[in-house]
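The sequence and the structure come next.

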Amino acid sequence: MAYANKTYICFDADTDIHYYRLMTAWKEHEHIAFNFQNAHEINNLRDGSSEDTIKRKLRERLQNTKVLVVLIGQNTRNLYKYVRWEIEYALENDIPIIAVNLNGSRRKDNLCPPILNGDLAVFIPFGQKILDHALNNWVSSHAQLKKEGKTGAYYYEDTVYNNL
């Protein structure tokens, strides 16, 4: 397996791609402290590729991933073909998950994909500072919480948000 240093962003490409693009714009902006190694840059997917081909390329990306960011929008919980498959891969391979609520919620809510029920993931609202904090801290926190046998939804305290 390759060295896992990438961030994989999982989202509804039909309705939520602008959030992904905003994240890449933050990364490129020289005056914004936000950085990640984007797993989506590993290989190109072509329109019209078969599901098997797409999943093979997604698996290659996921094998290089240290953290999975799930952008949770209005339709995410109902997406099974790829989104659920990507989350399932992360869970099976113990890749830490940052669940980003596009509705601004700081907690797990009814838009969360059911596959995450009971599994360890941190839930945050979409925002540059809190997402940067999670990207820089969740991997080590996840490892420690797993070591302690913790599961379920995790949330940052208000003091974390106040200090950003």
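Strand β1 is joined to strand β2 (residues 65–72) by 5 bridges, and the two run parallel. The model is a predicted one: local features need pLDDT of at least 70, side-chain atom pairs count only at pLDDT 80 or more, and totals for chains, interfaces and linings use all residues. Residue numbers start from 1 along each chain as its sequence is written, and side-chain values use heavy atoms, with hydrogens and water left out.

**Sheet**
- Tyr-8 has Leu-68 in β2 as its bridge partner.
- An open sheet is formed by 5 strands in the order β1-β2-β3-β4-β5, with parallel pairing; two strands pair if DSSP finds at least two bridges between them.
- At the edges lie β1 (6–10) and β5 (153–155), each of which pairs on one side only.
- From one strand to the next, the twist averages 30 degrees (axes are lines fitted to C-alpha atoms, and angles run from 0 to 180 degrees between N-to-C directions).

**Order of elements**
- The protein chain has 5 helices and 5 strands, taken as DSSP runs numbered from the N terminus (helices: H or I, at least four residues; strands: E, at least two).
- Read from the N terminus, the order is β-α-α-β-α-β-β-α-β-α.

**Burial, contacts and surface**
- Of the 164 residues in the protein chain, 44% are buried, that is, under 20% relative accessible area with a 1.4 Å probe, protein chains only.
- Among contacts (heavy atoms within 4.5 Å) with a separation of 6 or more, 73% are between residues 24 or more positions apart.

Terms used
Buried means under 20% relative accessible area, exposed over 50%, partly exposed in between (1.4 Å probe, protein chains only).
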